[in-house]
Amino acid sequence: MAAPARPVGARAKTGIPVLDERLQGGFPRPSTLLLFSDKPTEKRIFGENFAVQGIRAGERSLYVDFFRAPQLARGELKRFGSGDLSNLVLVDATSSQLLLPSRERYHIDDIGSLENIRETVIAAARAEKPSRIIIDSMEFLVDRFPKEDVLRLWRELIEVARAIGAVICFLFINWTLEERDLQEIRGMSDFVVEFQSSLRGGIVRNSMRISQMAEAGIKTNWIPYTFKDLIGLTVYFPRILVTGPFAAGKSTVVKSLSEKSISIDRMGTTVAFDYGNVNITGIEAEIFGTPGQERFEFIFKIFAREVSGVLLVIDATHPDELPRARQMLDLVGPRIPYVVLANKSDLPGALSSGDISHRMDLPPDVPVIPTVATENRGVREALLLLAEMIIGVR
Amino acid sequence: MEERFPTNYSVLLSGPPGVGKFEYLLSRIREDLRLGERVVFVTLDLHPIEIRARAKTLRLDLEPYEGKGLVFVDCYSATSSERPEPPPGKKTFLVSSFSNLEGIGMAMGKAAQELGTPVRIYFYTISTLFLHNSTQAIAKFFQIVTSRAKTNLGFILYAVQEGVHEPLTMNLLRSLVDGVVEMRFSETMQSELRIHHMRGYRADATWHPFMQLPEKVVAL
Amino acid sequence: MLADVGARLQSVLAELRRLPGILGVTIARRDGILIAHSLPKTMDPKKIAAMAAAIVGTSEMAAVEMGLGSFNQSIVDTHIGMMMATGAGEEAILVTMLRNEANMGLIHIGVDRAVESITAILRPEEVPA
């Protein structure tokens, strides 16, 4: 069977733009990824997403699934879109368990034999020469075979991947291993992506972070993500607050960022809030605009919860309102990342970013972006900047 | 004797095969649904279709509640070779394999989210996991899921088969829950039940006969 | 005359306040600014005006989003009684707080009458040709 064309570009994209940017295009080839958690999480979706991204880019992906029958796996991968999955090669590990004949080219006949598993996976990798290999997931082996044997196989699979220039991605939830074993596994990996899933107030929130990077050693913060049908993984911020003094242009900012937004305003002023849903370059966010008038400060108690980040909008032609802007930031709470939008920057008399930063006595790492919200200028850039700050890639 | 188990609590129900653990679960579920509680039924041993059928023989019709007051976490269907379609309009969370402990944990959380917390979770049975996973992994899984269930999800009750596990295993499971309910066969082969202990509560630890009438399961 | 407007609004509020079971009444502008009130000393009239504007503004939009037709009034139902807020003309809202024990029939008549009066008082005067 002919191997597919070599992938264009040296890096393997994750399909999550903010992440790919931080990774300078994606994971290098070859490399070893560990997708890790010690409690149940949704990490499988990242593995699946990674496999699908490869296929979308014209590459071949090898998916070793210990938990799902191939038909079920293929069916579930359709959630990522209806594209052609013929470049997805599955190693069937379940048919033999169910005493069914396998319809896959590569099938593990004796799930009780680590040797059989090893042979089948390596044969598939060498024959198919995939550019991405996903092992879903390693705790299946750790739980059934002697630890040393599994670690030996782990290393061997890494070597095989390296030899064919592939990115190999190991999913692993740790039920039984000690910390020093985990250290060893981390040591074998170029990149470690950790996962978290929490249920707060009846809502599941998933997040991931890169906690180990082969290059530059820079990590990310916890990145909240969600899965969108037919699209895949996106970064998701449940609440970005847009606030600032009266008439600074907050409602306009919300409108210009969202496809559809609502604004509860009367007689030219927001009396409750603005709300919009933003979707740009793989980032989804719910944005809420607060009123600027002091009489509506009670709104902050309702909306200033679980805030991922703040867009602080000020009228660049009204420096006298800068203290009020600072005050409103305090209403949101400490240690929440924020970006200052110097709005109406096209009007005469508008202060420069440097001036504003100076007058508000802002820490040097707080960006001040000149914007003209009515013309949608600078607003997206400000949001993307905020997203990067929240994720910790800037 | 039909006291309600508290919320944010975990219970282990142990008894030999055939003693009536399933019927006991159904009696609790009937009461829960009647009181407007939300129920998550995690099934490893029975197909949801069979559960609905057996509930019907005990005069409990589950279908009107499904999706609103009751959802199934179905760990069974995927492992049986035939795969009948779930009835339309019902929400069932499928887990593809008994080895996929992470999947079972996540499905329980998603089911709870679907209904809205707090929920009452019934796990039937934990014994099946031991055929497919190591005791160590299950112990860790049990600990994490029980803790998560108690703090975030509500109430959880696990049914476990008596007489198939090592004493060490049983003791471990018993130590990780708040309360233990036991069932047994009396000398005259009647089913009996007792509350062995309930952390934080005084329990009457005497054995009571446990009869299964089609209408309602009562302790005499 | 403007001063006259204030006095007339106060008398409408006073009459409404006389109904048994009413705890307080407020007239707020739809953007949350206080116009007039007859409230016990323990309540902050400005806060109530702002909150009522937020509640009515949000409820009106919700009614539209939910496809429920045109907005009548917002009701906040509590342990002790309730708050009713309804539009009184283009620019104003009448907010009535009452106990559970109040006679709802009388209250509705009183509120409807007050809304009519307030709407008339606040209507921009027509300048005779």
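**Entry 1: ground rules**

I noted that this is a predicted model, where local features need pLDDT of at least 70, side-chain atom pairs count only at pLDDT 80 or more, and totals for chains, interfaces and linings use all residues. Residues are numbered from 1 along each chain as its sequence is written, while chains are lettered from A and ligands numbered from 1 in the order in which they are written.

**Entry 2: strand 12 of chain A**

I asked how many residues of strand 12 of chain A are buried. I found 10 of the 12, so the strand is largely enclosed by the rest of the structure. Buried means that 20 or more other C-beta atoms lie within 10 Å of the residue's own; exposed means 12 or fewer, and partly exposed is in between, with C-beta atoms placed from the backbone. Helices (H or I, at least four residues) and strands (E, at least two) are DSSP runs, numbered from the N terminus.

Next I looked up the pairing. Two strands pair if DSSP finds at least two bridges between them. Strand 11 (residues 223-228) of chain A pairs with strand 12 of chain A in the antiparallel sense, over four bridges. There, T226(A) has T234(A) as its bridge partner.

Y236(A) is opposite E284(A) of strand 15 of chain A. With strand 16 of chain A, the pairing is parallel over four bridges. T243(A) has L312(A) in strand 16 of chain A as its bridge partner.

**Entry 3: helix 10 of chain A**

Which residues of helix 10 (residues 322-332) of chain A are buried? I listed L322(A), A325(A) and M328(A). An α-helix has 3.6 residues a turn, so residues three or four places apart point the same way. On the other side, P323(A) and D330(A) are exposed.

I then checked what covers the buried residues of helix 10 of chain A. The cover includes strand 12 (232-243), strand 16 (309-315) and helix 11 (353-359) of chain A. Just after helix 10 of chain A, G333(A) takes a positive phi of about 120 degrees.

**Entry 4: two helices side by side**

I looked at helix 4 (residues 114-128) and helix 6 (residues 147-164) of chain A. Their axes come within 10 Å and cross at roughly 10 degrees. That makes helix 4 of chain A roughly parallel to helix 6 of chain A. Angles under 35 degrees count as roughly parallel, over 145 as roughly antiparallel, 65 to 115 as roughly perpendicular and the rest as oblique. Axes are lines fitted to C-alpha atoms, for helices over the stretch in contact, and angles run from 0 to 180 degrees between N-to-C directions.

Residues are in contact if their C-beta atoms, placed from the backbone, lie within 7 Å. Helix 4 of chain A gives residues including L114(A), V121(A) and A125(A). From helix 6 of chain A come L153(A), L157(A) and V160(A), among others. The contact residues divide into nine nonpolar, no polar and three charged. Ala, Val, Leu, Ile, Met, Phe, Trp, Tyr, Cys and Pro count as nonpolar, Asp, Glu, Lys and Arg as charged, and the others, Gly among them, as polar.

**Entry 5: chain A meets chain B**

I found 25 residues from chain B and 19 residues from chain A in the contact. Helix 3 of chain B gives the most to its side, with eight residues. The chain B side divides into six nonpolar, 16 polar and three charged residues.

**Entry 6: the sheet of chain C**

I traced an open sheet of five strands in chain C, in the order 2-1-5-4-3, with antiparallel pairing. Strand 2 (34-38) and strand 3 (73-77) of chain C stand at the edges, each with a single partner strand, so one side of each is left without a neighbour in the sheet. The twist averages 15 degrees from one strand to the next.

Key
Contact = placed C-beta atoms within 7 Å.
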